[in-house]
Amino acid sequence: MITRNRFGHMPDGTQVEAVTLENATGNQAVILSLGATIQKWYLVKESIDLVLGFGSVEEYLGDAHYIGRTVGRYANRIAKGMFSIDGDNHQVSVNQNGNCLHGGESGFHNRIWDITDIQDSDTPSVTMSLTSPDGDQGFPGQLQTQVTFTLDNDDCLTIHYEASTDKDTVYNPTQHTYFNICGQESGEVHNQQVRLIASQYTPANDQGIPTGEIRATKGSPFDLSELRSLADLIQNSHPEILATNGADHNWCVDGFEPSQSEQRLAAVLVDPKSGRKLITRTSMPGLQIYTANFLGQCKGKQGAEYGPFHGVCLESQFYPNSPNEPAFPSPVLRKEQKFKSTTSYQIVTK
Ligand code: BGC
């Protein structure tokens, strides 16, 4: 079932809609046209909302942490905001330490997306579309982009991205939801556990820019091949973890092939107390695990108080700074190509 409601309006009066996807078990995901944002993911039986979020447009516009947003054109960082495609140099907007983070000063996360398709069934879905003009934040080409959210009866929330461009460009969308599988108001995630199906990661400098190396995780704190508590990661004294005050790193999900569009199992997040699990699958090469290290104190939905480590982001992506690293899978989208990628989050309760 699908319902559409008015969520609020932008300062210029443009309406922001909330689309509620409800599956046959009554569980719901609410998607906003502002930023193609996952505002809520509610489990009826457990009375739990799995994602951080806000109750008003004003709070979303005041949020600097991309809570729940669809991020683009280029999620994560591009060093100095510079890259070239076939010898053509591009300078894009820089908004963090002289680098481009999450699409630059005015990325996709605060745009109003058009609701272009709705499929009302017991696996409801909504498609939102955005046209990013040629030169948007410095990125070449007019990009037509779409994101479809589907909630199925196995409580799998699937996010499918498509895009095409009229000039060669780069495209790297992600979903920036802060999950807390104990409930959005339940505080720090230290006791939750994570396992990654990723035997390599991309070491980075203290600005989060990869050095270019793809390094095996074995024998290091980045080895998450067995379930480990998030506390183990957050409180680790490895210099790369100290530099980011917790996890804020890109892992290389095993088995990526550029020609394959199938999703692969990437991560399992577990709440040992309730046995609840969040399973992440993706067709993308990388997964940034970000433990909300820099989330400041703020008020969330229904009086919740958020602060550092109150959620964990599982951001599927091309590796950071891929436009400048020829050995990394390429984020270049050619004029004649169609971009397609899929990432899904499935909640399993006992
Ligand atoms: C980045 C963090 C950044 C955060 C912003 C994450 O994807 O990797 O470094 O602080 O987004 O909310």
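**Pockets, a sheet and salt bridges**

Mentor: Let's start with strand E29 (332-333) and strand E30 (339-348), each of which supplies at least two residues of the lining of the second largest pocket. Strands are DSSP runs of E with at least two residues, helices are runs of H or I with at least four, and both are numbered from the N terminus. This is a predicted model, in which local features need pLDDT of at least 70 and side-chain atom pairs count only at pLDDT 80 or more, while totals for chains, interfaces and linings use all residues. Residues are numbered from 1 along each chain as its sequence is written, and side-chain values use heavy atoms, with hydrogens and water left out.

Trainee: What makes a residue count as lining a pocket?

Mentor: A pocket is an open set of points on a 1 Å grid over the protein atoms alone, where a 1.4 Å probe fits and protein lies on both sides within 12 Å along at least five of seven lines; a lining residue has an atom within 4 Å of a point. For the second largest pocket, 23 residues qualify, and Phe256, Pro258, Phe318, Phe339 and Lys340 lie nearest its centre. E30 gives the largest share of this lining, 4 residues.

Trainee: How much space lies in the largest pocket, and which residues lie nearest its centre?

Mentor: The largest pocket holds about 600 Å³. Its lining has 36 residues, with Arg77, Gln96, Leu101, Asp248 and Phe294 nearest the centre. Helix H3 (239-243), strand E22 (248-252) and E25 each give two or more residues to this lining, and E22 gives the most, 3 residues.

Trainee: E22 and E25 make me curious. Which strands form the open sheet, and in what order?

Mentor: The order is E17-E28-E25-E22-E19-E20, and the pairing is antiparallel. Strand E17 (178-179) and strand E20 (215-216) are the edge strands, each pairing on one side only.

Trainee: Why do E25 and E28 count as a pair?

Mentor: Two strands pair if DSSP finds at least two bridges between them. E25 (residues 286-290) and E28 (residues 312-317) are joined by 5 bridges, so they count as a pair. Gly286, for instance, has Gln317 in E28 as its bridge partner.

Trainee: On to charges. How do you know that Glu162 and Lys338 form a salt bridge?

Mentor: The term requires a side-chain nitrogen of Lys or Arg within 4 Å of a carboxyl oxygen of Asp or Glu. The closest N and O atoms of Glu162 and Lys338 are 3.5 Å apart, so the pair qualifies. Glu162 is in strand E14 (residues 156-165) and Lys338 in the loop between E29 and E30, so this pair links parts of the chain 176 residues apart.

Methods. Points joined across faces, edges and corners; volume = space filled by probe spheres on them.
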